[in-house]
Amino acid sequence: MPSFAAAAAADCPADGGDIACLRRAYAQPITQWPAAQVEGKVAWREMAAAAAPDLPAPPAPLLGLGTRLFFDTALSASGKIACASCHRPDHAYADAQPVTPGHLGRKGRRNAPALVGVRHAQSLFWDGRAPSLELQALGPIADQAEMAMDINRLPDKLAAISGYAEAFTAAWGDAEISLPRIQAALAAYQRTLAPAPTAFDAFLKGDAQALDDKQLRGLHLYRTKARCMTCHDGPALSDSQFHNLGLTYFGRKYEDLGRYGVTGDNADVGKFKTPTLRNVSRSGPWMHNGLFPSLRGILNAYNAGMFRPRPANAAQAADPRFPVTSPLLAPLQLRPDEIEALEAFLKVL
């Protein structure tokens, strides 16, 4: 037999317009909240407060070294670009530009993803090509469109800078500066980058007044009519999977085949990793290419079912790599006031 809370939730209007009903429903323990509505048969996970650290803090000397390396422009060939140049602490460790100019003003194809909560990531980069922070660390440093540093020269370069020999000695017991140690120190620092606590975390922990009426309605829509929990679930609000949103630009100037470049599987063409929504209002512009400068624009696109490109010619129609937009995407039929409420909720994540 359903609980009273479940029955009360079922009686709430589908658009979340009855705030008193929502207040009653969401005052219950999260296990009794209205069930999430998802597209397809995905195994969604329940929401939870931002995940607490599940690993011991790194030793202070190692953390100090990793912090210094992350903010040091010496890791770039020009001496002008640091990891923090693209992953800004005041911006959820993402960047405010769609694609950040790197070495000599060169631009790659992708937006710098937010690093908050990255310690829990199962794969790194938009295409998931690195399985750990250690293996991710040297990629941007060596990339010719980013920091363009000859990584084989990096240890000697750091050894010539005052203080690094002492910092490596404090962290490792001797003054050897090597790429594995640089990787480990950078990874240790990045594992400390937790999302900033938000009103939503307070709400999840029992503060029933932490969300105002519009934000609460947005939470309900997120979980139900908007079907956001299909991909943005769990403590990180991400399924850590790869999906095609129709933004491949197949055969065009800005073509990016996404996950396909890692796996070579035609089914992965155009797929990109689901980003965390933690602190999402701070991390725009959004998408793998920084296409959207506003959350409202993203919501409008999702409301329309995202993009479904068609072959431009017979050759594309016959190409087994022609990307197929995820079947998990469908028009949502959200009204403007519902989109406004959903946006208000996203801003407190």
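Okay, let's start at Gln316, which touches Phe250, Gly251, Arg310, Pro311 and Phe322, if we skip residues up to four places away in sequence. Gln316 is found in helix H13. Buried or exposed, then? Its relative accessibility is 13%, so Gln316 counts as buried. One thing to keep in mind as we go on: this is a predicted model.

Next, Leu237. This residue sits in the loop between helix H10 and strand S1, the strand being residues 242-244. Leu237 has a relative accessible area of 0%, so it is buried. Who does Leu237 touch, not counting residues up to four places away in sequence? The list is Met47, Tyr222, His232, Pro275, Thr276, Leu277, Arg278 and Leu349. Take Arg278 from that list: Leu237 and Arg278 are 41 residues apart in sequence, yet their C-alpha atoms are 6.7 Å apart in space.

Met47 was on that list too, and it takes us to the nonpolar cores. The largest one has 43 residues, and the members that touch the most others are Met47, Leu219 and Tyr222. Which helices each supply at least two residues of this core? They are H2, H9 (199-204), H10 (213-223), H12 (295-303) and H14. Now look at Met47 itself. Leaving aside neighbours within four places in sequence, Met47 is in contact with Ile30, Trp33, Phe200, Leu219, Tyr222, Arg223, Met229, Gly234, Leu237 and Phe345. Apart from this core lies another, of 35 residues, including Met149, Phe168, Leu179 and Ala187.

Glu343 forms a salt bridge with Lys347, with the closest N and O atoms 3.7 Å apart. On the Glu343 side, relative accessibility is 10%, so that residue counts as buried. Lys347, at 48%, counts as partly exposed.

Let's stay with the charged pairs. Side chains of opposite charge can pair when their charged atoms come close. How many salt bridges does a search of the whole structure find? It finds 25. The one I'd point at joins the side chains of Arg335 and Asp15, at 3.0 Å from N to O. Arg335 lies in the loop between H13 (314-318) and H14 (336-346), while Asp15 lies in the loop between H1 (4-11) and H2 (19-26), so the pair ties together parts that are 320 residues apart in sequence. Arg335 is partly exposed, with a relative accessible area of 35%, and Asp15 counts as partly exposed as well, at 21%.

Arg335 has another salt bridge to show you: its side chain meets that of Asp337 at 3.1 Å, N to O. Asp337 is partly exposed, with a relative accessible area of 31%. Step back and you get a network of salt bridges that links Asp15, Arg217, Lys225, Arg335, Asp337 and Glu338.

Now over to helix H3, residues 60-71. Within H3, the buried residues are Leu62, Leu65, Gly66, Leu69 and Phe70. Seen down the helix axis, those buried residues fall within an arc of 135°, so they line one face of H3. What covers that set includes H4 (83-86), H6 (154-159), H7 (164-172) and H8 (179-190).

Last, the annotation. In an unreviewed entry, UniProt lists "domain: Cytochrome c" for residues 61-169 and 213-349. What do those spans look like in the model? Residues 61-169 are 34% helix and 0% strand, and the end C-alpha atoms lie 9 Å apart. For residues 213-349 it's 29% helix and 4% strand, with the end C-alpha atoms 15 Å apart.

Notes. Residues numbered from 1 in each chain as written. Predicted model: local features only at pLDDT ≥ 70, side-chain atom pairs only at ≥ 80, totals over all residues. Heavy atoms only, no water. Salt bridge = Lys/Arg side-chain N within 4 Å of Asp/Glu carboxyl O. Buried < 20%, exposed > 50% of the residue type's maximum accessible area, 1.4 Å probe, protein only. UniProt positions renumbered as here; feature names shortened; annotations may be inferred. Core = buried A, V, L, I, M, F, W, Y, C linked by side-chain atoms within 4.5 Å. Contact = heavy atoms within 4.5 Å. Arc of directions from axis to C-beta.
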